[in-house]
Amino acid sequence: MKDKEKSMPVFGVGPLFVVTTVLATVVAVVLNRSGALVNTRLGGAKWIYIAVEIIFIALGAYLWLASVIGSKININAKEGKLITTGVYGIVRNPVYSAFLAISTGIIIGERSAALLVVPVVLWGFLTVLMKKTEEKWLYERFGEEYLAYKNRVNRVIPCFRKK
């Protein structure tokens, strides 16, 4: 096996991002509910926040299921294939997007303006993490094919574009 092929772990940096996202979300909720944060309660009808929370969590669940089950990510990653179809045609990192969406939904459900920074920080962390690791690994492995894919599909935010 070539060195290039060994450079990217099957799960990429996923475990690091997922653990960080879960911990950040849990800490944010605990701090909010314990009263440790400045009272920055968002106004408006509670049902709106619940509806948005449900939408984000449902989007996260869809992205996760579509990437893990629908696109058979484990099989394709082990075989060293670049997946660019299905859910991977609307977002390059649907598993990471799924956890970010679920975290965002939970944060929105807390109705605290102070917590809204959490998804932004997680998005920034993921962006830096991806640029420094997986995007480099994928470019080394797939070259121009990956660059073309990267130019037409967003990193984390799902987007439907006309081809």
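**Exercise 1. Is Glu-135 buried or exposed, and what does its side chain pair with?**

Start with the accessibility: Glu-135 sits at 7% relative accessibility, so it counts as buried (buried means under 20% relative accessible area, exposed over 50%, partly exposed in between, with a 1.4 Å probe and protein chains only). Before going on, note that this is a predicted model, where local features need pLDDT of at least 70, side-chain atom pairs count only at pLDDT 80 or more, and totals for chains, interfaces and linings use all residues. Residues are numbered from 1 along each chain as its sequence is written, and side-chain values use heavy atoms, with hydrogens and water left out.

Next, find the partners. Arg-92 meets Glu-135 in a salt bridge at 2.8 Å, N to O (a salt bridge is a side-chain nitrogen of Lys or Arg within 4 Å of a carboxyl oxygen of Asp or Glu). Arg-92 lies in the loop between H4 and H5 and Glu-135 in helix H7 (residues 134-142), so this pair ties together parts 43 residues apart in sequence. (Helices are DSSP runs of H or I with at least four residues, strands are runs of E with at least two, and both are numbered from the N terminus.)

Glu-135 also forms a salt bridge with Lys-150, with the closest N and O atoms 3.9 Å apart. Since Lys-150 lies in helix H8 (residues 144-152) and Glu-135 in helix H7, this pair ties together parts that are 15 residues apart in sequence. Lys-150 itself is partly exposed, at 30% relative accessibility.

Arg-92, Glu-135, Lys-150 and Arg-155 are linked in a network of salt bridges.

**Exercise 2. Which parts does the salt bridge between Arg-33 and Glu-110 tie together?**

First check the distance: the two side chains meet at 2.7 Å, N to O. Then locate them: Arg-33 is in helix H2, while Glu-110 is in the loop between H5 and helix H6 (117-132), so the pair ties together parts 77 residues apart in sequence. Now look at the cover: Arg-33 is exposed, at 66% relative accessible area, but Glu-110 is buried, at 6%.

**Exercise 3. What is Gly-80 in contact with, leaving aside its neighbours within four places in sequence?**

Begin with its place: Gly-80 is in the loop between helix H4 (73-78) and helix H5 (94-109). Then list the partners, Arg-141 and Phe-142 (contact means heavy atoms within 4.5 Å). To finish, compare chain and space: Gly-80 and Phe-142 are 62 residues apart along the chain, and their C-alpha atoms are separated by 9.7 Å.
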